[in-house]
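Have the structure open while you read.

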Amino acid sequence: MLVVNVVGARPNFMKISPLMRAMKRRESFESVLVHTGQHYDDNMSKNLFRDLELPEPDLHLGVGSGSHAWQTAEVMVRFEKVLADLTPDLVLVVGDANSTLACSITATKLGVSIAHVEAGLRSFDRNIPEELNRVVTDRLSDYLFTTCQEANDNLGREGIGKEKIFLVGNVMIDSLLAKLEQAKQSDILNRLGMESAKYIVMTLHRPSNVDNQKTLRNILHGLNVIQQKLPVIFPAHPRTLKQITEFGLSGQIAEMTHLHLVEPLGYLDFLSLMSQSKLVLTDSGGIQEETTVLGIPCLTLRENTERPVTVTEGTNTLVGSDPNRIIDEAMKVLNGYGKVGQVPKLWDGRASERIVTILEKEVLG
Ligand code: UD1
(Lines give C-alpha, C1' and ligand atoms only; values in the text may rest on other atoms or scores of the structure.)
Protein backbone atom coordinates (compact mmCIF):
# COMPACT_ATOMS: atom_id res chain seq x y z
CA MET A 1 0.00 0.00 0.00
CA LEU A 2 1.53 3.30 -1.06
CA VAL A 3 0.64 5.99 1.48
CA VAL A 4 1.37 9.68 1.02
CA ASN A 5 1.71 11.27 4.47
CA VAL A 6 1.19 15.03 4.62
CA VAL A 7 2.76 17.53 7.00
CA GLY A 8 2.88 21.31 6.79
CA ALA A 9 2.50 23.09 10.11
CA ARG A 10 4.28 22.47 13.41
CA PRO A 11 1.61 20.38 15.19
CA ASN A 12 1.49 17.97 12.24
CA PHE A 13 5.03 16.75 12.88
CA MET A 14 4.34 15.17 16.30
CA LYS A 15 1.33 13.38 14.85
CA ILE A 16 2.98 11.96 11.71
CA SER A 17 6.16 10.82 13.44
CA PRO A 18 4.73 7.79 15.34
CA LEU A 19 2.53 6.90 12.37
CA MET A 20 5.47 6.72 10.00
CA ARG A 21 7.39 4.62 12.51
CA ALA A 22 4.45 2.22 12.79
CA MET A 23 4.17 1.96 8.98
CA LYS A 24 7.87 1.29 8.65
CA ARG A 25 7.53 -1.72 10.93
CA ARG A 26 5.03 -3.35 8.54
CA GLU A 27 5.95 -4.83 5.20
CA SER A 28 2.62 -3.98 3.62
CA PHE A 29 3.27 -0.22 3.77
CA GLU A 30 5.36 1.95 1.53
CA SER A 31 5.20 5.47 2.91
CA VAL A 32 6.17 8.79 1.39
CA LEU A 33 6.44 12.01 3.38
CA VAL A 34 5.34 15.27 1.76
CA HIS A 35 6.03 18.61 3.49
CA THR A 36 3.89 21.41 2.08
CA GLY A 37 6.21 24.10 3.48
CA GLN A 38 3.44 25.92 5.39
CA HIS A 39 5.96 26.28 8.23
CA TYR A 40 9.52 26.86 7.11
CA ASP A 41 11.60 28.52 9.87
CA ASP A 42 14.11 26.10 11.41
CA ASN A 43 12.53 26.43 14.84
CA MET A 44 9.03 25.82 13.40
CA SER A 45 10.04 22.83 11.27
CA LYS A 46 13.60 21.48 10.90
CA ASN A 47 14.38 21.34 14.65
CA LEU A 48 11.20 19.37 15.26
CA PHE A 49 12.07 16.90 12.50
CA ARG A 50 15.39 16.34 14.29
CA ASP A 51 13.82 15.87 17.74
CA LEU A 52 11.05 13.62 16.49
CA GLU A 53 13.44 11.57 14.33
CA LEU A 54 11.27 12.18 11.32
CA PRO A 55 12.91 11.24 8.01
CA GLU A 56 13.68 14.10 5.62
CA PRO A 57 10.57 14.76 3.53
CA ASP A 58 10.64 12.87 0.23
CA LEU A 59 9.04 15.91 -1.35
CA HIS A 60 8.98 19.51 -0.20
CA LEU A 61 6.39 21.76 -1.82
CA GLY A 62 7.89 25.00 -0.47
CA VAL A 63 4.59 26.86 -0.25
CA GLY A 64 5.25 29.25 2.68
CA SER A 65 2.99 31.90 4.19
CA GLY A 66 0.11 33.81 2.64
CA SER A 67 -3.60 34.44 3.03
CA HIS A 68 -5.75 31.41 3.75
CA ALA A 69 -7.07 31.23 0.19
CA TRP A 70 -3.63 31.69 -1.35
CA GLN A 71 -1.92 29.16 0.91
CA THR A 72 -4.66 26.56 0.48
CA ALA A 73 -4.79 27.04 -3.29
CA GLU A 74 -1.02 26.91 -3.67
CA VAL A 75 -0.79 23.64 -1.71
CA MET A 76 -3.58 22.20 -3.85
CA VAL A 77 -1.86 23.05 -7.14
CA ARG A 78 1.49 21.62 -6.03
CA PHE A 79 0.02 18.56 -4.31
CA GLU A 80 -2.04 17.70 -7.40
CA LYS A 81 1.20 17.13 -9.33
CA VAL A 82 2.51 14.89 -6.53
CA LEU A 83 -0.58 12.71 -6.64
CA ALA A 84 -0.55 12.53 -10.42
CA ASP A 85 3.07 11.32 -10.31
CA LEU A 86 2.79 8.87 -7.42
CA THR A 87 -0.79 7.56 -7.81
CA PRO A 88 -0.90 6.43 -4.15
CA ASP A 89 -3.48 4.12 -2.59
CA LEU A 90 -4.07 6.51 0.29
CA VAL A 91 -3.38 10.06 1.43
CA LEU A 92 -2.98 10.37 5.20
CA VAL A 93 -3.63 13.78 6.75
CA VAL A 94 -3.53 14.82 10.40
CA GLY A 95 -5.06 17.65 12.43
CA ASP A 96 -6.64 20.80 11.09
CA ALA A 97 -4.11 23.06 9.40
CA ASN A 98 -4.62 24.63 5.97
CA SER A 99 -2.30 21.97 4.52
CA THR A 100 -4.64 19.27 5.88
CA LEU A 101 -7.63 20.81 4.13
CA ALA A 102 -5.81 21.53 0.86
CA CYS A 103 -4.44 18.01 0.47
CA SER A 104 -7.78 16.44 1.34
CA ILE A 105 -9.64 18.39 -1.34
CA THR A 106 -6.96 17.58 -3.91
CA ALA A 107 -6.97 13.85 -3.11
CA THR A 108 -10.76 13.64 -3.25
CA LYS A 109 -10.88 15.28 -6.67
CA LEU A 110 -8.38 12.74 -7.98
CA GLY A 111 -10.27 9.83 -6.48
CA VAL A 112 -7.59 8.95 -3.92
CA SER A 113 -8.81 7.65 -0.54
CA ILE A 114 -8.13 9.78 2.53
CA ALA A 115 -7.39 8.83 6.12
CA HIS A 116 -7.87 11.69 8.61
CA VAL A 117 -6.15 11.27 11.93
CA GLU A 118 -7.65 13.36 14.75
CA ALA A 119 -11.08 13.50 13.11
CA GLY A 120 -14.32 14.71 14.69
CA LEU A 121 -13.00 17.44 17.01
CA ARG A 122 -15.40 20.39 17.09
CA SER A 123 -15.37 23.73 18.89
CA PHE A 124 -18.67 24.64 17.14
CA ASP A 125 -17.11 28.04 16.44
CA ARG A 126 -16.89 28.74 12.73
CA ASN A 127 -14.82 31.88 13.33
CA ILE A 128 -11.85 29.61 13.99
CA PRO A 129 -10.17 28.75 10.67
CA GLU A 130 -9.24 25.27 11.91
CA GLU A 131 -12.92 24.49 12.58
CA LEU A 132 -13.68 24.91 8.88
CA ASN A 133 -10.65 22.80 7.98
CA ARG A 134 -11.85 20.05 10.34
CA VAL A 135 -15.44 20.00 9.09
CA VAL A 136 -14.49 19.85 5.40
CA THR A 137 -11.65 17.35 5.85
CA ASP A 138 -13.91 14.99 7.80
CA ARG A 139 -16.64 15.29 5.20
CA LEU A 140 -14.19 14.19 2.48
CA SER A 141 -12.39 11.43 4.39
CA ASP A 142 -12.84 7.69 3.93
CA TYR A 143 -11.24 6.59 7.21
CA LEU A 144 -11.75 8.82 10.24
CA PHE A 145 -9.55 8.12 13.27
CA THR A 146 -10.69 9.74 16.51
CA THR A 147 -9.19 10.44 19.92
CA CYS A 148 -12.35 10.31 22.06
CA GLN A 149 -16.01 9.31 22.11
CA GLU A 150 -17.17 12.96 21.77
CA ALA A 151 -15.49 13.06 18.35
CA ASN A 152 -17.40 9.93 17.28
CA ASP A 153 -20.62 11.55 18.48
CA ASN A 154 -19.89 14.76 16.55
CA LEU A 155 -19.25 12.83 13.35
CA GLY A 156 -22.40 10.77 13.88
CA ARG A 157 -24.47 13.95 14.21
CA GLU A 158 -22.99 15.19 10.91
CA GLY A 159 -24.24 12.05 9.20
CA ILE A 160 -20.90 10.33 8.70
CA GLY A 161 -21.35 6.54 8.59
CA LYS A 162 -20.21 4.55 11.63
CA GLU A 163 -18.29 2.14 9.41
CA LYS A 164 -15.81 4.92 8.54
CA ILE A 165 -15.11 6.00 12.15
CA PHE A 166 -12.48 4.36 14.36
CA LEU A 167 -11.82 5.40 17.96
CA VAL A 168 -8.09 4.72 18.31
CA GLY A 169 -6.64 7.18 20.84
CA ASN A 170 -4.23 10.04 20.39
CA VAL A 171 -1.13 9.98 18.15
CA MET A 172 0.14 13.23 19.69
CA ILE A 173 0.35 11.32 22.97
CA ASP A 174 2.17 8.47 21.19
CA SER A 175 4.94 11.00 20.48
CA LEU A 176 4.87 12.40 23.99
CA LEU A 177 5.18 9.00 25.67
CA ALA A 178 7.86 7.87 23.20
CA LYS A 179 10.00 10.95 23.87
CA LEU A 180 9.42 11.75 27.54
CA GLU A 181 12.48 9.86 28.82
CA GLN A 182 14.71 11.49 26.22
CA ALA A 183 13.22 14.90 27.01
CA LYS A 184 14.36 14.47 30.62
CA GLN A 185 17.96 14.73 29.38
CA SER A 186 17.34 18.24 28.04
CA ASP A 187 19.26 21.01 29.83
CA ILE A 188 16.63 23.65 29.04
CA LEU A 189 15.92 24.46 32.70
CA ASN A 190 19.60 25.17 33.31
CA ARG A 191 19.84 27.26 30.18
CA LEU A 192 16.91 29.37 31.32
CA GLY A 193 18.02 29.44 34.96
CA MET A 194 14.79 27.79 36.18
CA GLU A 195 14.04 25.21 38.86
CA SER A 196 11.52 22.42 38.55
CA ALA A 197 7.93 23.47 39.52
CA LYS A 198 9.03 27.07 40.06
CA TYR A 199 7.97 28.58 36.76
CA ILE A 200 5.03 28.85 34.37
CA VAL A 201 5.02 28.15 30.61
CA MET A 202 2.94 30.19 28.20
CA THR A 203 2.26 29.87 24.46
CA LEU A 204 0.02 32.08 22.36
CA HIS A 205 -0.57 32.14 18.62
CA ARG A 206 -4.29 31.96 17.73
CA PRO A 207 -5.33 34.79 15.40
CA SER A 208 -8.35 35.43 17.67
CA ASN A 209 -5.92 36.24 20.50
CA VAL A 210 -2.93 37.83 18.82
CA ASP A 211 -4.45 39.62 15.81
CA ASN A 212 -6.91 41.56 17.97
CA GLN A 213 -5.20 44.39 19.83
CA LYS A 214 -7.70 44.59 22.70
CA THR A 215 -7.59 40.86 23.36
CA LEU A 216 -3.81 40.74 23.21
CA ARG A 217 -3.57 43.70 25.62
CA ASN A 218 -5.98 41.95 28.02
CA ILE A 219 -3.91 38.77 28.03
CA LEU A 220 -0.68 40.72 28.56
CA HIS A 221 -2.33 42.56 31.44
CA GLY A 222 -3.10 39.25 33.14
CA LEU A 223 0.37 37.99 32.35
CA ASN A 224 1.95 41.04 33.96
CA VAL A 225 0.33 40.21 37.31
CA ILE A 226 1.09 36.49 37.09
CA GLN A 227 4.79 36.88 36.23
CA GLN A 228 5.25 38.89 39.44
CA LYS A 229 4.26 35.74 41.39
CA LEU A 230 6.23 33.15 39.43
CA PRO A 231 8.52 33.51 36.38
CA VAL A 232 6.90 32.85 33.02
CA ILE A 233 8.71 31.26 30.05
CA PHE A 234 7.07 32.34 26.80
CA PRO A 235 8.37 30.68 23.61
CA ALA A 236 6.75 33.05 21.14
CA HIS A 237 5.34 32.06 17.74
CA PRO A 238 6.47 34.29 14.81
CA ARG A 239 2.90 35.51 14.30
CA THR A 240 2.73 36.66 17.94
CA LEU A 241 6.07 38.46 17.79
CA LYS A 242 4.95 40.27 14.66
CA GLN A 243 1.72 41.40 16.31
CA ILE A 244 3.46 42.54 19.51
CA THR A 245 5.67 44.81 17.41
CA GLU A 246 2.79 46.00 15.22
CA PHE A 247 0.64 46.98 18.22
CA GLY A 248 3.57 48.74 19.90
CA LEU A 249 3.57 46.35 22.86
CA SER A 250 7.30 45.54 22.93
CA GLY A 251 7.93 48.10 25.70
CA GLN A 252 5.22 46.55 27.87
CA ILE A 253 6.80 43.12 27.38
CA ALA A 254 10.27 44.45 28.24
CA GLU A 255 8.96 45.88 31.53
CA MET A 256 7.84 42.43 32.73
CA THR A 257 11.08 41.49 34.44
CA HIS A 258 10.07 37.90 35.23
CA LEU A 259 8.77 37.18 31.75
CA HIS A 260 11.29 35.30 29.60
CA LEU A 261 10.40 35.72 25.95
CA VAL A 262 12.28 33.04 23.97
CA GLU A 263 12.31 31.65 20.43
CA PRO A 264 10.00 28.70 19.66
CA LEU A 265 11.66 25.62 21.20
CA GLY A 266 12.39 22.19 19.83
CA TYR A 267 10.13 19.29 20.80
CA LEU A 268 12.40 17.80 23.49
CA ASP A 269 13.18 21.13 25.15
CA PHE A 270 9.54 22.14 25.17
CA LEU A 271 8.38 18.77 26.52
CA SER A 272 10.99 18.96 29.25
CA LEU A 273 9.96 22.50 30.14
CA MET A 274 6.24 21.75 30.13
CA SER A 275 6.54 18.50 32.12
CA GLN A 276 8.36 20.24 35.00
CA SER A 277 6.29 23.42 35.10
CA LYS A 278 3.84 24.51 37.79
CA LEU A 279 1.25 25.73 35.31
CA VAL A 280 0.77 26.13 31.56
CA LEU A 281 -1.11 29.01 29.92
CA THR A 282 -1.90 28.37 26.26
CA ASP A 283 -4.24 28.75 23.31
CA SER A 284 -2.81 25.71 21.52
CA GLY A 285 -4.88 22.61 20.86
CA GLY A 286 -2.19 20.00 21.35
CA ILE A 287 -0.85 21.48 24.57
CA GLN A 288 -4.26 21.07 26.21
CA GLU A 289 -3.92 17.34 25.54
CA GLU A 290 -0.26 17.08 26.51
CA THR A 291 -0.75 18.80 29.89
CA THR A 292 -3.67 16.47 30.62
CA VAL A 293 -1.41 13.45 30.13
CA LEU A 294 1.44 15.04 32.10
CA GLY A 295 -0.92 16.01 34.94
CA ILE A 296 0.08 19.67 34.73
CA PRO A 297 -2.71 22.25 35.27
CA CYS A 298 -3.51 24.09 32.03
CA LEU A 299 -5.41 27.35 31.61
CA THR A 300 -6.63 27.71 28.05
CA LEU A 301 -6.83 31.30 26.83
CA ARG A 302 -9.91 30.67 24.70
CA GLU A 303 -13.68 30.77 25.18
CA ASN A 304 -14.16 27.27 23.74
CA THR A 305 -12.24 24.14 22.92
CA GLU A 306 -12.55 21.40 20.33
CA ARG A 307 -10.97 19.13 22.96
CA PRO A 308 -13.59 19.14 25.78
CA VAL A 309 -12.33 15.84 27.17
CA THR A 310 -9.28 17.74 28.49
CA VAL A 311 -11.69 19.84 30.58
CA THR A 312 -14.12 17.11 31.68
CA GLU A 313 -11.47 14.48 32.42
CA GLY A 314 -8.11 16.26 32.29
CA THR A 315 -6.32 19.20 33.88
CA ASN A 316 -7.62 21.89 31.53
CA THR A 317 -9.73 24.96 32.43
CA LEU A 318 -11.06 27.45 29.88
CA VAL A 319 -10.35 31.01 30.96
CA GLY A 320 -10.80 33.13 27.82
CA SER A 321 -8.97 36.45 27.65
CA ASP A 322 -10.45 38.37 30.60
CA PRO A 323 -7.43 39.33 32.73
CA ASN A 324 -9.27 38.95 36.07
CA ARG A 325 -10.40 35.45 35.19
CA ILE A 326 -6.88 34.50 34.04
CA ILE A 327 -5.32 35.88 37.22
CA ASP A 328 -7.92 34.24 39.54
CA GLU A 329 -7.51 30.81 37.98
CA ALA A 330 -3.71 31.11 37.91
CA MET A 331 -3.68 32.03 41.62
CA LYS A 332 -5.76 28.95 42.43
CA VAL A 333 -3.11 26.78 40.79
CA LEU A 334 -0.21 28.61 42.41
CA ASN A 335 -1.92 28.20 45.79
CA GLY A 336 -2.09 24.45 45.29
CA TYR A 337 -5.64 24.09 44.00
CA GLY A 338 -4.85 23.10 40.41
CA LYS A 339 -6.94 20.44 38.68
CA VAL A 340 -5.65 16.88 39.00
CA GLY A 341 -7.60 15.02 36.32
CA GLN A 342 -7.10 11.65 34.66
CA VAL A 343 -5.77 10.41 31.33
CA PRO A 344 -8.55 9.76 28.77
CA LYS A 345 -9.13 6.22 27.56
CA LEU A 346 -6.74 4.95 24.86
CA TRP A 347 -4.26 7.82 25.27
CA ASP A 348 -1.69 5.16 25.97
CA GLY A 349 0.98 5.57 23.28
CA ARG A 350 -0.43 2.89 20.98
CA ALA A 351 -2.82 4.86 18.75
CA SER A 352 -0.52 4.70 15.70
CA GLU A 353 -0.27 0.91 15.96
CA ARG A 354 -4.07 0.69 16.04
CA ILE A 355 -4.35 2.96 13.01
CA VAL A 356 -1.96 0.98 10.82
CA THR A 357 -3.62 -2.29 11.84
CA ILE A 358 -7.01 -0.90 10.80
CA LEU A 359 -5.63 0.50 7.53
CA GLU A 360 -4.04 -2.83 6.65
CA LYS A 361 -7.36 -4.55 7.10
CA GLU A 362 -9.58 -1.89 5.52
CA VAL A 363 -7.47 -0.80 2.54
CA LEU A 364 -5.78 -4.08 1.65
CA GLY A 365 -8.81 -6.19 2.62
C1 UD1 B 1 -0.90 27.20 11.83
C2 UD1 B 1 -2.22 26.42 11.85
C3 UD1 B 1 -2.67 26.19 13.28
C4 UD1 B 1 -1.57 25.62 14.15
C5 UD1 B 1 -0.34 26.51 14.03
C6 UD1 B 1 0.82 26.03 14.85
C7 UD1 B 1 -3.75 26.91 9.99
C8 UD1 B 1 -4.97 27.61 9.59
N9 UD1 B 1 -3.28 27.17 11.20
O10 UD1 B 1 -1.15 28.51 12.32
O11 UD1 B 1 -3.76 25.30 13.27
O12 UD1 B 1 -2.00 25.56 15.48
O13 UD1 B 1 0.05 26.54 12.65
O14 UD1 B 1 1.87 26.93 14.74
O15 UD1 B 1 -3.21 26.13 9.22
N16 UD1 B 1 5.51 32.26 10.05
C17 UD1 B 1 6.87 32.40 10.13
N18 UD1 B 1 7.62 31.27 10.00
C19 UD1 B 1 7.08 30.03 9.81
C20 UD1 B 1 5.69 29.93 9.71
C21 UD1 B 1 4.92 31.04 9.84
O22 UD1 B 1 7.40 33.48 10.30
O23 UD1 B 1 7.83 29.06 9.70
C24 UD1 B 1 4.67 33.47 10.24
C25 UD1 B 1 4.26 34.13 8.97
O26 UD1 B 1 4.25 35.49 9.18
C27 UD1 B 1 2.84 33.65 8.78
C28 UD1 B 1 2.35 33.50 10.21
O29 UD1 B 1 3.50 33.10 10.95
O30 UD1 B 1 2.11 34.54 8.03
C31 UD1 B 1 1.28 32.48 10.41
O32 UD1 B 1 1.63 31.22 9.85
P33 UD1 B 1 0.46 30.26 9.28
O34 UD1 B 1 1.06 28.99 8.83
O35 UD1 B 1 -0.38 31.02 8.32
O36 UD1 B 1 -0.44 30.01 10.54
P37 UD1 B 1 -0.12 29.69 12.07
O38 UD1 B 1 -0.59 30.85 12.87
O39 UD1 B 1 1.26 29.22 12.26
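1. First, a term: a molecule sits in a pocket if more than half of its atoms lie within 2 Å of the pocket's grid points. In this predicted model, the ligand sits in the largest pocket.

2. Where does the ligand lie relative to domain 1 and domain 2? Domain 1 (2-170 + 347-364) and domain 2 (180-334) each give residues to the shell around the ligand, so the ligand lies between them.

3. Zooming in on that shell, two elements give two or more residues to it: α3 (68-86) and α11 (238-246). Of the elements, α11 gives the most, with 3 residues.

4. There are 20 residues around the ligand, and the ones that come nearest are Q38, H39, N98, E130 and H237. Sorted by class, the shell has 8 polar residues, 6 charged and 6 nonpolar.

5. H39 has a polar side-chain atom 2.7 Å from a ligand oxygen. For N98, a polar backbone atom is 2.7 Å from an oxygen atom of the ligand. With R239, a polar side-chain atom lies 2.9 Å from a ligand oxygen.

6. How much of the ligand's accessible area does the protein cover? On its own the ligand has 740 Å² of accessible area, and the protein covers 89% of that.

Methods. Residues are numbered from 1 along each chain as its sequence is written. This is a predicted model: local features need pLDDT of at least 70, side-chain atom pairs count only at pLDDT 80 or more; totals for chains, interfaces and linings use all residues. Side-chain values use heavy atoms; hydrogens and water are left out. A residue is near a molecule or strand if one of its heavy atoms lies within 4 Å of it. A polar contact is a pair of N or O atoms within 3.5 Å; within protein, one must be able to donate a hydrogen and the other to accept it, and residues adjacent in sequence count only if both atoms are side-chain atoms. Accessible areas come from the Shrake-Rupley method with a 1.4 Å probe; for residues, only the protein chains shown count as cover. On a 1 Å grid over the protein atoms alone, a cavity is a set of points where a 1.4 Å probe fits but cannot get out, and a pocket is an open set with protein on both sides within 12 Å along at least five of seven lines; lining residues have an atom within 4 Å of a point. Helices (H or I, at least four residues) and strands (E, at least two) are DSSP runs, numbered from the N terminus. Ala, Val, Leu, Ile, Met, Phe, Trp, Tyr, Cys and Pro count as nonpolar, Asp, Glu, Lys and Arg as charged, and the others, Gly among them, as polar. Domain bounds come from an automatic or database domain assignment.
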